[in-house]
Amino acid sequence: MTFQLFLQQLINGLGLGSLYGLIAIGYTMVYGILRLINFAHGDVMMMSTYFAFFGVSIFALPWWVAALLAMILTGLLGISIDQGAYRPLRRASRISALITAIGVSFFLENAALVVFGSRPRAFYRPEMFRAIWHFGDISLLSLTGYTILITLCLLVIVYFIVYKTRMGMAMRAVSKDMHTVPLMGIDLNRVVAFTFGLGSVIAAVGGILWAMKYPQIEPLMGIIPGLKAFVAAVLGGIGNVFGAVLGGFILGITEILLVAFWPELSGYRDAFAFLLLILVLIFRPTGIMGEDLPE
Amino acid sequence: MLIIDNLHVHYGGIQALSDMSLEVPEGKIVTLVGANGAGKSTTLRAVSGQIPYIGGTVEKGRVIFQDREITFLPVHKIARLGVIQVPEGRHIFPNLSVLENLYMGGFHRSHDREFHKDLDHVFGLFPRLQERKKQLGGTLSGGERQMLAIGRAIMAKPLLIMMDEPSLGLSPKLVDEVFDIIQAINSEGTTILLVEQNAMAALSIAHQGSVLESGRMVLEGAGTELLEDDRVRQAYLGEDV
């Protein structure tokens, strides 16, 4: 393997990792404030691809308008899931909320099967994402380049929201001391809803880019990316948005390199991700950037 | 200003308050004293609306603030009426800077001239906080945390501040300082409801004192009057009479 080839694979891995990272941000933010693993998050991402798909195919919208609308609708979906399914369980045990999350996941998958049908649909890849960029011997699909750029931009935006805005300050406060925040006159429910909305919008970006990369969508497409984004979030240190993207990058790169170096192992790439999860949970349960929790 | 009327609160099978009544007049310092488990903290939590969130139930009774019933109002709405609790154990936000903790107190206020005047006022009361305003709350000492918790409450522009054990875990010198600050805040017009183990100090600054026993008020009077009361001296000041 030449250095060029290695670099090529590294960039491909970064592209794939960006997608994991985008989905992982929502996982990690929700966990950060509610200590809830929202297992429906991958399915929320699946729904975003259908929103965008229908925008383009039925309503004949320009792709970027469809994408923006899909982001908004997905954000609203995320908020509705929280308000409808998780909010009544706010004072219940964590395991109840976790089981409910799995239930919501099954509900979305099966509702999508019934409403959208099980037949995979071809997803539109816009012109600007089809070009091939050349850098010396390295060639790169413009979609991959844009995906990495969009991920980094969104990371900066999320950083700005979390560390420089009032809502972000409230989110950080909730993550450490949920019960004291209402004493400040802050409606906890609005902070939680905002977090679900933001995480879902970012998952929609990830979902739409995912569907452009693997241009076929179907109701169960969210399961594996969702689980891998969960691995990325845990790897990076759950609760930390930078960790989520870093975990995504590491997972994406190692997955791609694994397949590049040992093509005969390519059938095990999913298994590899979960092996990684098990190893992280055994040797460093707080992940790379996670702080050591007192509990 | 605040009226607690015949309040009954229980956690599971445990009765925390039974027939608790109390009146806090505007502009005064009212101190609640009593043994552990007498219901002092529960009283403050009931006023703040926190009982359902800690697994309890308000069975009976009413809490009225400025002629408005607030018994079952959500916690954040009660706080926005100007009823601000400084919780036991301070509960400052350890992952937020000192300045951000103060911003949290005045979360809904616009950062106008009046806001900055209040911020300067807090820094005037607690110069240590200004020195450390960029530091994370979690790096502060116990005394500094208590100052930050009080400063955070001031930033909310409260009408009534309820303090739960503000002197707990502080050195004697800091305890005096905290009680001086409480008096200073009160002299600026803010009503104070104070819960304290340190009955002597708390009653000596109080306009009115109440003694709680097993979830109800058993004795009430002017702060200095209670200090003279034999039962109080025996039970809470540890003196043989």
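## A tour of chains A and B

Helices (H or I, at least four residues) and strands (E, at least two) are DSSP runs, numbered from the N terminus.

Some ground rules before you click on. This is a predicted model, in which local features need pLDDT of at least 70 and side-chain atom pairs count only at pLDDT 80 or more, while totals for chains, interfaces and linings use all residues. Residues are numbered from 1 along each chain as its sequence is written, and chains are lettered from A and ligands numbered from 1 in the order in which they are written.

**Stop 1: the rest of α7(B)**

Which residues of α7(B) are buried? Select Val175(B), Val178(B), Phe179(B), Ile182(B) and Ile185(B). Look down the axis of α7(B): the buried residues fall within an arc of 120 degrees (taken from the directions from the helix axis to the C-beta atoms), so they line one face of the helix.

Now show what covers them: β3 (29-34), α6 (142-155), β7 (160-164), β8 (191-195) and α8 (199-204) of chain B are included. For contacts, the C-beta atoms of two residues, placed from the backbone, must lie within 7 Å. α7(B) lies across β3, β7 and β8 of chain B and runs at about 150 degrees to β8(B). Such angles run from 0 to 180 degrees between N-to-C directions, with axes as lines fitted to C-alpha atoms, for helices over the stretch in contact.

You can check the length too: the 16 residues of α7(B) (172-187) should span 22 Å at 1.5 Å a residue, and the end C-alpha atoms are 23 Å apart, which agrees. The expected span is 1.5 Å times one less than the number of residues. Just after the helix, click Gly189(B), which takes a positive phi of about 110 degrees.

**Stop 2: the six-stranded sheet**

Colour the strands β6-β7-β8-β3-β9-β10 of chain B; in that order they form an open sheet with mixed pairing. Two strands count as paired if DSSP finds at least two bridges between them. β6 and β10 (216-221) of chain B stand at the edges with a single partner strand each, so one side of each has no neighbour in the sheet. Ignoring direction, neighbouring strands here are turned by 20 degrees against each other on average.

Zoom in on β6(B), residues 83-86. Both of its faces are covered: Val83(B) and Gln85(B) on one side, and Ile84(B) and Val86(B) on the other, are all buried. β6(B) pairs with β7(B) in the parallel sense over four bridges. Val86(B) has Met163(B) as its bridge partner, and Val83(B) stands opposite Leu160(B).

Next, select Glu165(B), in the loop between β7 and α7 of chain B. Most residues other than glycine have a negative phi. Glu165(B) has a positive phi of about 55 degrees although it is not a glycine. Is Glu165(B) buried or exposed? Glu165(B) is buried, with 22 other C-beta atoms within 10 Å.

**Stop 3: the four-stranded sheet**

Still in chain B, find the open sheet with the order β2-β1-β4-β5 and antiparallel pairing. Its edge strands are β2 (14-24) and β5 (68-69), each pairing on one side only. Helix α1(B), residues 40-48, packs on the sheet, touching β1 (2-11), β2 and β4, and its direction makes about 110 degrees with that of β1(B).

**Stop 4: over to chain A**

Select α8(A), residues 223-236, with 14 residues. How many of them are buried? Eleven are, so to speak, tucked away as buried residues, including Phe230(A), Val231(A) and Leu235(A). Among the elements covering them are α1 (3-34), α2 (41-57) and α7 (188-213) of chain A. Gly237(A) follows the helix, with a positive phi near 110 degrees.

Then jump to Ala60(A), in the loop between α2 and α3 (63-86) of chain A. Ala60(A) has a positive phi of about 55 degrees although it is not a glycine, and is exposed, with 8 other C-beta atoms within 10 Å.

**Last stop: where the chains touch**

Show both chains: the contact takes 16 residues from chain A and 20 residues from chain B.

How values were computed. A residue is buried if 20 or more other C-beta atoms lie within 10 Å of its own, exposed if 12 or fewer, and partly exposed in between; C-beta atoms are placed from the backbone.
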